[in-house]
Amino acid sequence: MSSKPDDATPTAAHRNRKATHMLPRLPFGVAATAGIALLLTACAPQEPERVEAEMPSLGHVHAIITDPVTGQTLLGTHDGLVTVNDDGTISDRVGGHGFDAMGLAAAGEALIASGHPGSSTPAEWGSPHLGFIRSEDGGQSWAPVAYTGEKDFHALAAGPSDELYGLSTDDPALLTSIDGGVTWMPTGAALAAYALAVDAAGVVYATTPDGVRVSVDAGATFEDFPGAPPLYLVNTSPDHTELAGVDVSGGIWRAATDDASWLQVGTAVGQAQAVTITASGDIAIVDDSGYHVLPE
């Protein structure tokens with residue numbers, strides 16, 4: 001199934017979300033490709049103690065998210081999804097699907113993704129691009145929903161009311177969906193962004209070459225927010241009340257979405273590939289040294 005964005009703009013109910021707070025400005029960067037080994041990090045902002053454990057090489061990690069049903073941490077990799085278990089071990093590939101999860105997010109109790117097919121990807125998912133696919137069972141199975149074979153969303157995000165936002169590689173127009181990804185429409189904004197995130201108030205964050213830009217009207221318009229560290233990665237906690245980010249110098253930061261202040265909580269090794277806040281409130285990050293956690 002393939003859905004095209006129409007010429008309509010989002011409804012008034014969809015657009016009229018107001019933010020009562022401000023978050024700062026964040027310049028852009030590009031994450032490096034690296035093989036990873038599992039590392040657990042103690043809580044220390046400058047030189048965290050690391051405890052090493054074995055982990056299979058997964059190549060590039062595009063995203064870290066929380067399974068909305070189980071609360072487990074999932075890594076979206078170049079070769080499918082894997083689970084970080086409670087004991088720190090890494091599971092086999094979830095569902096056996098070896099697709100390149102360029103975009104990955106949790107939306108309500110579902111997972112949403114985009115990217116490229118792999119050698120074990122069902123043909124009906126589309127090629128050379130997966131378009132927009134959706135899983136209702138934690139990544140065990142996926143269904144093609146929109147833009148099958150046509151679009152590659154490198155940035156996907158879902159808000160607290162399951163509103164979706166996506167940026168594809170073929171068009172700078174920011175797209176949004178309010179029906180689970182079946183139909184999409186342009187928000188009215190055009191962006192060159194590396195990452196998207198949505199907070200509990202429906203505020204949309206986009207990391208761009210000019211810094212993080214913020215929208216309080218469902219992506220119709222964006223503004224800069226001065227005074228923040230120069231972040232290029234940004235993500236939210238599962239409840240959308242906190243933000244985590246990594247700056248262009250490797251600083252790891254967090255902030256509450258109702259507070260304009262940021263706290264540096266660590267430093268990445270080399271360049272970071274993905275960051276998030278887990279269900280337990282810890283920051284999880286993949287950098288040149290591997291996957292590790294900074295306890296809250």
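I started with serine 177 and skipped its neighbours within four places in sequence; I found it in contact (heavy atoms within 4.5 Å) with Asp162, Glu163, Leu164, Val182, Thr183 and Trp184.

Ground rules, for the record. I am looking at a predicted model, where local features need pLDDT of at least 70 and side-chain atom pairs count only at pLDDT 80 or more, while totals for chains, interfaces and linings use all residues. Residue numbers run from 1 along each chain as its sequence is written, and side-chain values use heavy atoms, with hydrogens and water left out.

**Serine 177**

I placed serine 177 in strand β13, residues 171-177. Strands here are DSSP runs of E, at least two residues, and helices are runs of H or I, at least four residues, both numbered from the N terminus.

Buried or exposed? I checked serine 177. Serine 177 counts as buried because its relative accessibility is 1%; the cut-offs are under 20% for buried, over 50% for exposed and partly exposed in between, with a 1.4 Å probe and protein chains only.

Next I looked at polar contacts (N or O atoms within 3.5 Å; within protein, one must be able to donate a hydrogen and the other to accept it, and residues adjacent in sequence count only if both atoms are side-chain atoms). The side chain of serine 177 gets to 2.9 Å from the backbone nitrogen of glycine 181. A polar atom of that serine 177 side chain also lies 2.8 Å from the backbone oxygen of threonine 183.

I also checked alanine 158, which is 19 residues from serine 177 along the chain; their C-alpha atoms are 9.4 Å apart.

**Sheets and strands**

I traced an open sheet of 4 strands, in the order β15-β16-β17-β18, with antiparallel pairing. Pairing needs at least two DSSP bridges between two strands; β15 and β16 (residues 204-208) have 4, in the antiparallel sense. Alanine 195 has threonine 207 in β16 as its bridge partner.

Then I went to β21 (residues 251-256) and β22 (residues 263-267), which pair antiparallel over 4 bridges. They make a hairpin with 6 residues between them, and tryptophan 253 sits opposite glutamine 264 in β22.

**Whole chain**

I noted 1 helix and 25 strands for the chain. Of its 296 residues, 55% count as buried.
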